[in-house]
Amino acid sequence: MIFAYNKQNVGDTLMVIVKNDENKENSVERKGAVARVQTTDGTTVAWNFFHVSEYLTIHGNGQIELTEKEIDVLNEQLKLAGFEERLVADLSPKFVVGYVKSCVDHPDSDHLHITETEIDGGETLQIVCGAPNIEAGQKVVVAKPGAMMPDGQIIWPGSLRGVESFGMICSAKELHLPNAPEKRGILVLEEDAKTGEKFEVGK
């Protein structure tokens, strides 16, 4: 679940993206100051909460983090508007330090690599990466599924040349870090970076 807010360009509207939306035939159901975006089969893919600053104080721009109490406030707004669905809190960080446990060449590409990257507590993600400097043993920054990159791109599970990929290993440029090099390549962290620790994007 992704919470996004951009008052300057969108207005005082909190956007909540629930699922990857590949269906172009969506419809919108609005009740009061809440709108539900749904597919033709009735699956909810997103919510819009209009005039959100009337009941929440939001800090930040782009992807934002909400507390469990703030999500409870949004669920109360859904109830007041007459919607039966509720948001389920996911408070896990979306950008974390990862450890590349293995890295092998993609069987159907001359530049892609298939990694097994540990992110937290033994959880490992298969991530396909095209960076020329990726290799096993590195500490890296992983954008997990559900992350929104600084440029607005949303990371979802996908497939590259027939191999499933669950996240993205990021470059400094993609993370909009100061003085990021123009040369292609992922950001390699110091060896003492703690696997699973939250990485602050843009800092």
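Everything here comes from a predicted model, where local features need pLDDT of at least 70, side-chain atom pairs count only at pLDDT 80 or more, and totals for chains, interfaces and linings use all residues. Residues are numbered from 1 along each chain as its sequence is written, and side-chain values use heavy atoms, with hydrogens and water left out.

**The overall picture**

- The protein has two helices and 13 strands.
- Along the principal axes, its C-alpha atoms fill a box of roughly 50 × 35 × 35 Å.
- Of the 203 residues, 40% are buried, where buried is under 20% relative accessible area, exposed is over 50% and partly exposed is in between (1.4 Å probe, protein chains only).
- Take the contacts (heavy atoms within 4.5 Å) with a separation of 6 or more: 56% of them join residues 24 or more positions apart.

- The chain is split into domain 1 (2-81) and domain 2 (95-198), with bounds taken from an automatic or database domain assignment.
- Their C-alpha centres are 28 Å apart, and the contact draws on eight residues from domain 1 and seven residues from domain 2.
- About 620 Å² is buried between the two domains, with carbon and sulfur atoms giving 64% of that; buried area is the accessible area (1.4 Å probe) that two parts lose on being put together, summed over both.
- On the domain 1 side, Ile2, Asn20 and Gln63 supply 66% of the area buried against domain 2, more than any other three residues.
- Have a look at Lys94 too, in the loop between H2 and S7. Leaving out residues up to four places away in sequence, Lys94 touches Gln63, Val142, Ala143, Lys144, Pro145, Gly146 and Ala147.
- Lys94 has a relative accessible area of 10%, so it counts as buried.
- Thr124 is 30 residues from Lys94 along the chain, and their C-alpha atoms are 14 Å apart.

**Aromatic rings and the charges over them**

- Rings of Phe, Tyr and Trp (its six-membered ring) pair if their centres lie within 6.5 Å; planes under 30 degrees apart are stacked, over 60 edge-to-face, and the rest tilted. That rule gives one aromatic pair here.
- The pair is Trp47 with Phe83: the ring centres are 4.9 Å apart and the planes are at 80 degrees, so it's edge-to-face.
- These two residues come from distant parts of the chain, 36 residues apart: Trp47 is in strand S5 (residues 44-50), while Phe83 is in the loop between helix H2 (68-81) and strand S7 (95-105).
- For a charge to sit over a ring, NZ of Lys or CZ of Arg must be within 6 Å of the ring centre and within 35 degrees of the ring normal.
- Arg30 does this with Phe50, lying over the ring face at 4.0 Å from the centre.

**Cysteines without disulfides**

- A disulfide is a covalent bond between the sulfur atoms of two cysteines, counted here when the sulfurs are within 2.5 Å.
- The structure has zero of them.
- Cys170 is in no disulfide either, as its nearest cysteine sulfur, in Cys129, is 9.2 Å away.
- Cys129 is buried at 5% relative accessible area, and Cys170 is buried at 0%.

- Ser171 lies in the segment after strand S13 (168-169) and is buried, at 11% relative accessibility.
- Neighbours within four places in sequence aside, Ser171 is in contact with Gly185, Ile186 and Leu187.
- Back to Asn179: it isn't a glycine, yet its phi is positive, at about 60 degrees.
- Is Asn179 buried or exposed? With 79% relative accessibility, Asn179 counts as exposed.
- His51 is another non-glycine residue with a positive phi, near 55 degrees. You'll find His51 in the loop between S5 and strand S6 (62-64), partly exposed at 43% relative accessible area.

Terms used
Helices (H or I, at least four residues) and strands (E, at least two) are DSSP runs, numbered from the N terminus.
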